[in-house]
Amino acid sequence: MRAIESRSIIMIFFIMFYVVTGCKSLEFLKSKSEIKVRDLLGREIVLRGNPKRIVSLVPSVTEILFLLGEGKRVVGVTEFDDYPPEVKNIPRVGGFKYPNIELVVSLKPDVVVISNVVGKHVAQYFERLNIPTLVLDASNIDEMFYVIETLGRVTGRKDKAEEIIANFKEEIDKIKERTKNLKKKRVLHIASISENFVAGKGTFIDTLIEIAGGENIVDRPGWIRLNLEEVVRRDPEIIITSPHAGRIEDLKKIPAYRDTTAIKEGKILILPSDIISRPTPRLIIALREIARFVHPEVF
Amino acid sequence: MYRRRLYIFLVLILLVFMILLSVGIGSVDIGFKDIFWILVGKREDRLRDIILLIRLPRTIGAAICGMALAVVGTFFQGLLRNPMADPYILGVSSGSALGATIAIVFNMGIVFVNLLSFVMGVLVTFFVYFISSLNGRSSTYTMILVGVAVSSFAFSFISLFMFIKHEQIAQIVMWIMGSFSLVGWSEVSYSAPIIIAGSFIMYLFSRDLNAIITGEESAEHLGIDVEVVRRILLFTGSVVTASCVSVSGIVGFVGLITPHISRLLVGPDNRILVPFSGLMGGSFMVLADILSRTVIKPAEVPVGVITAIFGAPFFLYLLMRVRRGE
């Protein structure tokens with residue numbers, strides 16, 4: 001009887017010991033190496049520690065990783081990646097739209113970052129191969145801050161990320177300060193001249209225009225194909241476009257544009273497309289240019 | 001009979017060769033020795049994943065879909081007595097494309113893209129069959145015309161979705177042009193049983209099809225209920241096509257030209273033509289898939305583009321021949 005008792009006491013003791021230490025060691029593992037991330041599709045992804053090998057299929061994400069000083073972790077990029085210059089030596093694993101799955105897998109990534117253009121089902125495909133995948137391509141300034149913060153957290157560079165965001169906000173405030181009491185100029189951003197495809201509310205360029213003391217003449221959200229009558233009605237004073245949007249000569253030939261203030265006064269700003277369309281802190285360069293162009297009197 | 005068996009044997013060898021080639025060739029160069037060790041299970045790493053979880057399922061998927069499309073194409077051409085008929089003629093593809101587009105636009109993920117495209121593909125075919133048999137017996141002409149009308153109706157909605165949600169255009173276009181790049185074991189596991197069972201059921205009717213092709217009246221005299229047989233074949237064919245399309249998107253021309261090429265090689269007897277055409281379609285599709293991922297490495301061309309590049313000129317040639325024959 002006593003023997004049984006003592007044995008069961010020992011057993012209980014062992015069980016308790018295992019439970020307690022087991023929990024503790026699990027807890028320890030969790031806090032040490034698991035990183036939970038929510039991507040821009042709202043999916044929660046669990047990473048096993050800071051990823052050492054990242055395949056970035058979003059040029060802006062590549063750029064931000066380099067800015068965080070973590071460019072060495074990037075092992076694969078898209079064929080469109082051109083900034084910073086170091087990315088030239090990183091293997092290309094397909095376009096922004098269609099990654100080459102075999103090449104991505106062969107790089108043994110700890111995490112893959114894709115854009116929403118590629119879509120949820122590509123993310124799910126990678127996850128079935130046990131490769132955590134994040135959808136992180138910002139479509140407005142707040143999302144850009146979220147992406148920077150998330151990448152900072154993932155790579156263990158939280159401070160650096162916060163610093164970048166703070167600097168960016170500070171720059172914005174400086175420009176806002178100078179333009180806040182000035183009369184707003186009517187601005188239009190054209191992404192494609194032949195389709196009259198323009199930036200509406202909530203897009204990056206729209207936010208930059210607002211900060212620079214302008215007013216986007218398009219008040220519908222997102223990227224839209226603008227009715228030419230609307231161009232005549234709102235008469236833009238400034239037109240911002242990029243080299244790949246089309247030829248300015250063609251724009252001047254369109255009757256609706258011919259008599260706008262912007263065309264008559266020659267107020268057309270052409271900015272390189274990568275600095276106005278990529279959600280990275282380099283947007284600040286575009287912002288300064290736009291502000292200088294919209295309100296030359298204070299810059 | 002002996003010669004025909006030889007043909008089937010040869011095309012079977014062709015298919016096996018294509019499958020081996022497809023597993024051996026890809027964006028990542030993996031030596032044949034490595035592949036051998038991976039296949040016998042003696043290696044555990046990312047290369048193994050590439051062979052066993054990426055290349056193999058997509059190759060099998062391509063082979064099965066190519067086979068099914070060719071079989072269905074053979075039957076539909078005979079059944080509708082129209083050399084231009086293909087598996088999509090009754091509007092399956094447009095329905096499937098609409099289903100997939102809805103799932104893509106609302107970001108529902110991979111399972112729903114497959115499921116909705118399957119369901120919509122089958123529904124649209126039912127609808128076409130229902131409309132065209134409203135006033136009594138369905139004539140094949142009405143059926144084809146209704147198919148065309150319903151297809152353009154469905155595609156107008158796809159265009160509308162693409163216009164409204166332009167950030168998802170790339171995904172929709174990729175799907176419409178067809179691709180096996182995201183075909184994994186789970187896609188193969190739920191589509192293959194339907195496709196293989198369906199193709200086999202259709203094969204059982206190849207003798208009846210022979211009779212129907214010679215004339216519906218004479219088929220009735222042979223004791224074949226033409227209307228019932230046709231209904232069974234159209235239904236099965238549509239379900240098979242819808243499950244192909246739900247996996248790979250719309251891949252054109254395989255289901256159109258393979259039956260014609262096969263007919264030139266082995267003659268019109270469907271008991272031989274159907275299996276030959278199926279194996280031929282599988283080989284053609286696997287070859288197209290190999291090309292789709294190798295012609296402009298590292299990018300992938302949609303497989304539908306490849307099949308169209310080969311298929312369209314042949315289709316034109318065929319068109320000329322049919323015209324001359326009239």
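Leaving aside its neighbours within four places in sequence, Gly78(B) is in contact with Leu209(B), Ile212(B), Ile213(B) and Asn270(B), where two residues are in contact if their C-beta atoms, placed from the backbone, lie within 7 Å. Gly78(B) belongs to helix H3 of chain B, helices (H or I, at least four residues) and strands (E, at least two) being DSSP runs numbered from the N terminus. With 23 C-beta neighbours inside 10 Å, Gly78(B) counts as buried; a residue is buried if 20 or more other C-beta atoms lie within 10 Å of its own, exposed if 12 or fewer, and partly exposed in between, with C-beta atoms placed from the backbone. Between the C-alpha atoms of Gly78(B) and Leu160(B), which stand 82 residues apart along the chain, the separation is 35 Å.

This is a predicted model, in which local features need pLDDT of at least 70 and side-chain atom pairs count only at pLDDT 80 or more, while totals for chains, interfaces and linings use all residues. Residues are numbered from 1 along each chain as its sequence is written, and chains are lettered from A and ligands numbered from 1 in the order in which they are written. The model scores ipTM 0.79 and pTM 0.82. For chain B the mean pLDDT, the predictor's confidence in each residue from 0 to 100, is 88, and 96% of the residues of chain B reach 70 or more.

Helix H3 of chain B, which spans residues 46–79, packs with H12(B) at an angle of about 70°, the axes lying 7 Å apart; axes are lines fitted to C-alpha atoms, for helices over the stretch in contact, and angles run from 0 to 180 degrees between N-to-C directions. H3(B) and H12(B) are therefore roughly perpendicular to each other, given that angles under 35 degrees count as roughly parallel, over 145 as roughly antiparallel, 65 to 115 as roughly perpendicular and the rest as oblique. Their crossing is right-handed, a crossing being left-handed if the near helix is turned anticlockwise from the far one by less than a right angle, and right-handed if clockwise. On the H3(B) side the residues involved are Gly66(B), Leu69(B), Ala70(B), Val72(B), Gly73(B), Thr74(B) and Gln77(B), and they meet Val254(B), Gly255(B), Leu256(B), Thr258(B) and Pro259(B) in H12(B). This contact divides into 6 nonpolar, 6 polar and no charged residues, where Ala, Val, Leu, Ile, Met, Phe, Trp, Tyr, Cys and Pro count as nonpolar, Asp, Glu, Lys and Arg as charged, and the others, Gly among them, as polar.

The loop between helix H11 (226–248) and helix H12 (254–266) of chain B holds Phe253(B). The phi of Phe253(B) is near 75°, a positive value in a residue other than glycine, and Phe253(B) is buried, with 22 other C-beta atoms within 10 Å.

Chain A has 13 helices and 12 strands, and 41% of its 299 residues are buried. Among contacts in chain A between residues at least 6 apart in sequence, 58% join residues at least 24 apart. Helix H2 (residues 59–67) of chain A has 9 of its 9 residues buried, so it is largely enclosed by the rest of the structure. The cover over the buried residues of H2(A) includes strand E3 (54–56), E4, E5, helix H5 (141–155) and helix H6 (158–179) of chain A. Just after H2(A), Gly69(A) takes a positive phi of about 80°.

Two of these covering helices also pack on each other: the axes of H5(A) and H6(A) come within 7 Å and cross at roughly 160°. H5(A) and H6(A) are therefore roughly antiparallel to each other, and H5(A) passes H6(A) in a right-handed crossing. By class, the contact of H5(A) with H6(A) has 6 nonpolar, 1 polar and 4 charged residues.

Most residues other than glycine have a negative phi, and most peptide bonds are trans. Lys108(A), in the loop between H3 and strand E5 (111–114) of chain A, has a positive phi of about 50° although it is not a glycine, and with 16 C-beta neighbours inside 10 Å Lys108(A) counts as partly exposed. The peptide bond from Tyr83(A) to Pro84(A) is cis, with omega near -10°, and Pro84(A) is found in the loop between strand E4 (74–76) and helix H3 (101–106) of chain A.

Where the chains meet, the contact takes 25 residues from chain A and 24 residues from chain B. H3 and helix H4 (120–128) of chain A are the elements that give two or more residues to the side of chain A that touches chain B, and the largest share of that side, 6 residues, comes from H4(A).
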